[in-house]
Amino acid sequence: MTLRLRTIGAALAVGSLALLAAGCAPAADGASGGGDVVTIKVAATVTPMTDVVEAAAEAIEDGYEIELVPVSDYVQPNVLVENGEIDANFVQFVPFMEEFNTKNDASLAGVTPIYSTVVAFYSKTLGSLDELPQGGSVVIPNDSANAGRALQLLADGGIITLDEGVERFTAKVADITENPRELAITQVDLLQLNTAYEEADAVFNLPSFARQLGLTPVDNGLAVEQDEQFAVTLVTREDKLGTPEITALEKAFTSDKVRETLESLDVPPAF
């Protein structure tokens with residue numbers, strides 16, 4: 001682990017002190033909630049991720065409780081898990097986690113997929129991608145995993161052509177070989193996608209963010225994609241896989257309670 005990552009983790013630890021507890025309050029050392037009850041700290045960002053953590057907290061077996069650690073971005077929860085400040089997070093799919101591991105020499109590992117993500121392009125003005133104008137503006141995420149999905153959707157729709165040698169979902173903007181509409185393709189942070197929706201001709205977005213705008217892939221998506229490798233997954237540190245607390249956490253996350261919660265939100269379970 002690099003010195004820079006440790007420094008970031010130390011700084012973020014201060015911000016993680018204001019925790020939303022699901023169950024009993026943790027003991028002073030943060031390891032247990034009193035007596036023989038072990039508190040498992042899990043970070044999540046927005047609905048339905050937070051809903052899943054709260055449902056799992058109701059389903060966790062005796063002797064354990066789950067504490068929801070709310071976070072506001074998608075780097076902080078990985079830093080916190082890698083530094084051992086929390087036990088797990090529920091914010092990402094495996095390719096995103098693997099990108100973090102590579103960039104930060106980290107050792108995060110997927111525990112189990114929980115629900116499938118249905119991504120799409122959205123627009124305030126267009127009825128389909130075919131309506132993209134000459135010189136139009138398209139916004140996609142700046143992380144490689146989501147960017148690859150976005151570019152593949154454009155290619156599948158015949159809007160751009162990608163280098164034939166690039167594997168599916170791994171393309172970068174530099175891999176575009178044909179862009180006949182001369183589209184201006186801009187990459188932004190995930191948290192800026194909703195803002196971009198107000199300004200661009202078309203924006204690739206994730207369901208958790210699109211939901212905040214009142215958008216759904218089925219009703220509003222110009223082009224839609226769902227691939228099982230992009231299921232939102234419970235993540236921990238590799239050396240914690242198979243431990244009693246992570247095993248209990250996995251059981252809770254794949255419980256009937258979590259399944260019912262996902263189905264009530266029209267989110268497809270992946271287990």
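This is a predicted model: local features need pLDDT of at least 70, side-chain atom pairs count only at pLDDT 80 or more; totals for chains, interfaces and linings use all residues.
The buried positions of helix 10, which spans residues 256–264, are Val258, Thr261 and Leu262. These three cover an arc of only 95° around the axis and therefore lie on the same side of helix 10. In an α-helix there are 3.6 residues a turn, so residues three or four places apart point the same way. The cover over the buried residues of helix 10 includes helix 2 (49–59), strand 6 (108–115) and helix 9 (244–253).

Just after helix 10, Asp266 adopts a positive phi of about 60°. Asp266 is exposed, its relative accessible area being 71%. A positive phi in a residue other than glycine is also found at Asp105, where the value is near 50°. Asp105 is placed in the loop between helix 4 and strand 6, and with a relative accessible area of 56% this residue is exposed. Most residues other than glycine have a negative phi, and most peptide bonds are trans. A cis peptide bond is present between Thr47 and Pro48, with omega about 5°. Pro48 belongs to the loop that runs between strand 3 (37–44) and helix 2.

Five strands form an open sheet in the order 11-8-12-7-13, and the pairing is mixed. Strand 11 (184–188) and strand 13 (223–225) are at the edges; each has a single partner strand, so one side of each is left without a neighbour in the sheet. From one strand to the next, the twist averages 20°. The pairing of strand 8 (residues 137–141) with strand 11 is parallel and comprises five bridges. In this pair, Ser137 is opposite Ala184 of strand 11. Helix 5 (residues 144–156) packs on the sheet and touches strand 7 (119–122), strand 8, strand 11, strand 12 (202–205) and strand 13. The direction of helix 5 makes about 145° with that of strand 8.

Helix 5 also packs with helix 4 (residues 94–104), at an angle of about 135° and with the axes 8 Å apart. Angles over 145 degrees count as roughly antiparallel and those from 65 to 115 as roughly perpendicular; helix 4 and helix 5 are therefore oblique to each other. Pro95, Phe96 and Glu99 of helix 4 make the contact with Ser144, Ala145 and Asn146 of helix 5. By type, the residues of this contact of helix 4 with helix 5 are three nonpolar, two polar and one charged.

Conventions: Residues are numbered from 1 along each chain as its sequence is written. Side-chain values use heavy atoms; hydrogens and water are left out. Two strands pair if DSSP finds at least two bridges between them. Helices (H or I, at least four residues) and strands (E, at least two) are DSSP runs, numbered from the N terminus. Axes are lines fitted to C-alpha atoms, for helices over the stretch in contact, and angles run from 0 to 180 degrees between N-to-C directions. Contact means heavy atoms within 4.5 Å. Angles under 35 degrees count as roughly parallel, over 145 as roughly antiparallel, 65 to 115 as roughly perpendicular and the rest as oblique. Ala, Val, Leu, Ile, Met, Phe, Trp, Tyr, Cys and Pro count as nonpolar, Asp, Glu, Lys and Arg as charged, and the others, Gly among them, as polar. Buried means under 20% relative accessible area, exposed over 50%, partly exposed in between (1.4 Å probe, protein chains only). The arc is that of the directions from the helix axis to the C-beta atoms.
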